[in-house]
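Here are my notes on this model. Please read them with the structure open.

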Amino acid sequence: MKLAAGIDIGAAATKAAVLDPSGRLLGGAVLRTGVDFALAGARALDEALAQAGARPEELTAVFACGYGRKNLPLASETRTEIAAHAAAAYHFFPRALTVIDIGGQDNKIIKVNAQGQRLDFKMNRKCAAGTGAFLEEMALRLDLPLESMDSLARQAEDEARLGAFCTVFTATEVLGKIREGAPLSALVKGLFRSVIKRVLEMDSIEGAVVMTGGVVAHNPYLVEMMAQELGREVLTPPQPQLAGAIGVALIALRSHEPAR
Amino acid sequence: MPDAPPPIKATKKMKELMAGHFLGLDQAAREGRPKVAWCTSVGPAELLHAMGFAVYYPENHGALLGATRMATEVIPTANAAGYSPDICSYLTADVGAFLKGVTPLTQAYGIATVPKADVLVFNTNQCRDVEDWFAFYARHWNVPIVGVRSHRGLGEVKSHHVADVVAQFKDLIPTLERVSGNKFDLDRLRETVRLSKECTLRWRRVLELASRTPSPMTFFDHTIHMAPAVVLRGLPEAVEYYDLLLAEMDQRIADGVAAVPGERHRLYWEGMPVWGRLRMLSDLLSEAKAAVVASTYCNSWIFDAFDERDPFESMARAYLELFIVRDDEYKERYIHQWVERFGVKGVIFHDAKTCPNNSNNRYAMPQRLARNLGLSTLVLNGDLNDLRLFSDEQAKTNLEAFVEQMEELAA
């Protein structure tokens with residue numbers, strides 16, 4: 001069987017996906033990126049292939065996206081992660097969409113029309129406010145395991161109001177709330193709200209809303225909060241952290257379709 | 001892949017002219033004659049030339065600091081001296097370099113320092129920062145600072161705006177006479193205005209040639225070749241230079257030479273250049289077969305109003321009619337005209353952190369242009385000079401994704 005693979009070398013994590021010709025996910029992997037992009041990409045692909053029970057020679061195309069996309073010799077072509085997330089979101093939800101990707105280092109809002117064409121996109125500025133890096137920094141300051149944040153926020157009966165834009169200022173605000181005796185769960189829910197506010201400041205939201213990325217994958221409560229905030233349903237693809245890898249693999253599949 | 005275009009031959013002549021300009025200023029400053037006037041880039045240069053000054057443009061020096069990437073090294077010195085990292089990074093780079101005793105002119109021309117001003121003449125038509133910038137040097141050297149406080153945010157330029165600026169120009173004359181030791185001569189002003197007009201007509205033609213498909217030059221070429229229009233307008237050398245450049249570009253067009261080989265997309269650049277990353281941005285867009293064919297920045301040295309028959313009024317009108325002096329409605333009409341004429345499908349707005357007056361994305365103009373004209377728009381966060389405010393990776397991803405999006409929409 002002729003397969004396609006996509007590798008998304010992000011700032012924090014490297015993801016790989018192996019798809020069959022119909023676009024079905026056969027295998028996926030998520031690893032820490034570390035400092036060697038080529039190695040991380042190769043390992044992620046090996047893992048995804050193993051999970052798919054496939055051999056490298058079955059791959060017709062390997063495309064890459066993400067910050068490290070140009071550093072991966074095994075990829076024959078590259079696309080931006082913006083193209084990749086849009087392709088994946090539209091694959092799972094083929095309609096006019098606003099895609100919100102919360103990544104480790106940056107956020108993206110991508111508008112896609114009913115035909116799957118991208119109309120517009122916005123990336124956050126250089127500042128890490130509202131990204132996965134923000135939550136990691138805050139978890140560290142609160143001495144919390146990252147994976148405990150979702151359940152803590154979900155349990156919260158109250159919510160700490162955090163207003164600052166900047167990650168460092170937010171940390172100072174959090175210290176103030178700790179002094180005031182705010183429970184940990186309220187603080188974490190306040191941090192989730194802060195992520196949502198930073199994202200919604202970036203652009204307007206139109207059409208159906210799809211959220212992708214690692215933060216969403218690990219914190220489904222954040223998606224529920226986003227839906228409440230927007231007053232509408234928020235969709236997530238299966239394995240949202242793999243969305244970039246799946247998307248760029250879909251683009252690889254399309255690029256290698258025989259001409260009709 | 002099609003061949004890269006040959007280098008522009010006129011560049012050699014431009015470098016000679018720029019060397020002559022700076023060496024002449026250095027000599028004037030050392031010998032005390034002619035007197036040196038510092039002038040804002042869209043300030044009353046014609047009046048200063050007519051009064052016999054050697055005219056120096058600190059913004060050009062600011063751009064050199066940016067292009068040589070010295071700016072980011074020297075800006076912190078100005079920050080530490082009290083000039084905020086949030087204000088104009090031409091100012092902070094220039095003041096920082098002065099405080100550190102360095103200048104890119106040393107490496108380029110063997111000149112030790114910027115030419116000491118005998119008088120500083122500003123025009124706030126671009127921003128207030130230019131006045132604060134010149135005030136630093138006025139205090140440092142204890143020399144006079146005079147200038148024009150311009151109207152801003154204009155829709156229509158009305159006769160009372162023009163009359164006010166004319167009066168302000170005339171108010172400068174006693175100080176300029178005292179410092180230069182020369183009497184004001186209306187005929188000399190007429191001749192300078194005439195030469196500026198000749199220069200500006202040619203510069204406009206250079207820019208308009210980019211409406212051809214494929215374009216013989218891009219915005220990135222324009223940012224280099226605009227130098228004579230900025231620092232030598234009012235002098236015959238600028239006119240001669242653009243005749244030379246135009247002849248070469250006419251030949252490029254005749255030979256079908258494209259500035260971006262295989263040009264597929266035509267873009268408009270709105271806002272300041274990122275001086276320290278011109279090459280990176282040019283290469284990236286060229287690789288994506290995207291040609292930036294027009295920009296408001298390079299158009300800022302088109303002064304259609306100059307008329308030697310009425311030098312004061314036409315100068316006032318020229319310096320008030322500029323894009324940067326106008327309201328958003330005018331700016332949108334202006335961009336609309338240029339994008340239509342140049343076959344542009346996408347506009348890149350550079351949001352320069354330290355240059356609010358020349359960052360036109362901040363009041364939803366990209367959204368309005370996208371909605372009203374069906375253009376793709378992109379906002380690139382960065383700065384003209386302070387590379388601490390620019391992320392290479394974000395810029396690359398943004399630009400690449402923007403061109404991908406245009407490809408998709410064109411498909």
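**Notes on chain B**

1. A search of the whole structure turns up 0 disulfides over all chains. A disulfide here is a pair of cysteine sulfur atoms within 2.5 Å. Cys39(B) is in none; its nearest cysteine sulfur, that of Cys127(B), is 13 Å away. Cys199(B) is in no disulfide either, with the sulfur of Cys298(B) nearest at 13 Å.

2. Cys39(B) is buried, at 0% relative accessible area. Cys199(B) is buried too, at 2%. Buried means under 20% relative accessible area (1.4 Å probe, protein chains only). Of the 411 residues of chain B, 60% count as buried.

3. This is a predicted model: local features need pLDDT of at least 70, side-chain atom pairs count only at pLDDT 80 or more, and totals for chains, interfaces and linings use all residues. Side-chain values use heavy atoms, without hydrogens and water; residues are numbered from 1 along each chain as its sequence is written, and chains are lettered from A and ligands numbered from 1 in the order in which they are written.

4. Chain B has 18 helices and 8 strands. These are DSSP runs: helices are H or I, at least four residues, and strands are E, at least two. The radius of gyration of chain B, taken over C-alpha atoms, is 21 Å, close to the 22 Å that the globule rule gives for 411 residues, so chain B is as compact as a globular protein of that length. The rule is 2.2 Å times the number of residues to the power 0.38.

5. The C-alpha atoms of chain B fill a box of roughly 65 × 50 × 40 Å along the principal axes.

Terms used
Buried < 20%, exposed > 50% of the residue type's maximum accessible area, 1.4 Å probe, protein only.
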